[in-house]
Amino acid sequence: MYLKACLNGVRRKDQHPAIPYTPGEIAADAAACRDAGAAAVHVHAKDAKGFDSLLASAVDPVVAAIRSRCPGLPIGVTTGAWAMADPAARCAAINTWAELPDFASVNWHEDGAATVAKALLARGVGVEAGLWNEAAALAWSKSSLRRECFRVLLEMPGGIAGTEVEELAVGMLTQVRVAGATNVLLHGEDSSAWPMLDLAAARGVASRIGLEDTLRLPDGSLAASNTELVAAGYGRLRTAILGVSDA
């Protein structure tokens, strides 16, 4: 039963006041989510204006703060092209990190994904292949690096729900398993976030939850914090997998 907390993403405080920006805020949230059941955290390091950054000046303080506050908690970061469009610049930034995360996500539909993955692997950082659609899943399945990626993230977009989520996700899950993926994490965004967590429980694979993926609890009410989302997600997993309810 593996649940990762995704603490902030590209969201800003005007979307939710509990979005953590600073290293101290992110580390405090990581600790609270760990205590609520999270086995790892995924974070987006921010610049002084609150925008995603891959520069060492942003990444190093965040990783160091989480390590200090939460020794042993696995830390993941983004390498999304929205933070730095040029793949060569992304690789250059990765090569300057002094505080290395345990893993980083690489979106396989983005230009230069394989190059960025190689830069991470060369530094000993684990690679999570982020697959947002069937085309990305196909590209990853044909990549010579697919066996070097320790985890595959199957990500469903917002705007879909119900049976559409399951149909798309199961199709992609079958596709990547045929290609040899054994460590898979399912997660969604907004309307697909909770359906994907429930599907992960039903399929016996990992999942994640947090303010990056959704601002709302399963009943549709606004979540107060990442901790509340993780506690709700952990409870759903326990009920589905172990038949244990915290109620």
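Let's start with Cys33, which counts as buried because its relative accessibility is 0%. Here, buried means under 20% relative accessible area, exposed means over 50%, and partly exposed is whatever falls in between, using a 1.4 Å probe and protein chains only. Before going on, keep in mind that this is a predicted model, in which local features need pLDDT of at least 70 and side-chain atom pairs count only at pLDDT 80 or more, while totals for chains, interfaces and linings use all residues. Residues are numbered from 1 along each chain as its sequence is written, and side-chain values use heavy atoms, with hydrogens and water left out.

For reference, a disulfide is a pair of cysteine sulfur atoms within 2.5 Å. Cys91 is in no disulfide either, as its nearest cysteine sulfur, in Cys149, is 14 Å away. Cys91 is buried as well, at a relative accessible area of 10%. Searching the whole structure turns up zero disulfides.

Helices (H or I, at least four residues) and strands (E, at least two) are DSSP runs, numbered from the N terminus. Helix H1 covers residues 23-36, and its axis comes within 9 Å of that of H8, crossing at roughly 20°. Those axes are lines fitted to C-alpha atoms, for helices over the stretch in contact, and the angles run from 0 to 180 degrees between N-to-C directions. H1 and H8 are therefore roughly parallel, given that angles under 35 degrees count as roughly parallel, over 145 as roughly antiparallel, 65 to 115 as roughly perpendicular and the rest as oblique. The crossing of H1 and H8 is right-handed; a crossing gets that label if the near helix is turned clockwise from the far one by less than a right angle, and is left-handed if anticlockwise.

Which residues of H1 and H8 meet? On the H1 side they are Asp29, Ala32, Cys33 and Ala36, and across from them in H8 sit Asn226, Thr227, Val230, Ala231 and Tyr234. By class, the contact of H1 with H8 has six nonpolar, two polar and one charged residues. Nonpolar takes in Ala, Val, Leu, Ile, Met, Phe, Trp, Tyr, Cys and Pro, charged takes in Asp, Glu, Lys and Arg, and the others, Gly among them, count as polar. Contact itself means heavy atoms within 4.5 Å. Ala231, in helix H8, counts as partly exposed at 39% relative accessibility.

H8 (residues 226-242) also packs with helix H7 (residues 193-203), at an angle of about 35° and with the axes 9 Å apart. The handedness of the H7 and H8 crossing is right-handed. From H7, Trp194, Leu197, Asp198 and Ala201 meet Leu229, Ala232, Gly233, Arg236, Leu237, Ala240 and Ile241 in H8. The contact of H7 with H8 divides into eight nonpolar, one polar and two charged residues.

Going into H7, have a look at Asp190, in the loop between strand S7 (184-187) and H7. Asp190 has a positive phi of about 50° although it is not a glycine. Its relative accessible area is 36%, so Asp190 is partly exposed.

There is another helix pair to visit. Helix H5 (residues 134-141) and helix H6 (residues 163-178) pack with axes 9 Å apart, at an angle of about 5°. H5 and H6 are therefore roughly parallel to each other. Glu134, Ala137, Leu138 and Trp140 of H5 make the contact with Met172, Gln175 and Val176 of H6. Five nonpolar, one polar and one charged residues make up the contact of H5 with H6.

Ile19 sits in the loop between strand S1 (3-6) and H1, and is buried at a relative accessible area of 0%. Leaving aside residues up to four places away in sequence, Ile19 touches Asn8, Arg11, Arg12, Lys13, Glu25 and Leu211. Pro74 is in the loop between helix H2 (56-69) and strand S3 (75-78). Pro74 counts as partly exposed, at 28% relative accessibility. Not counting residues up to four places away in sequence, Pro74 touches Ala39, Ala40, Val41, Asp102 and Phe103.
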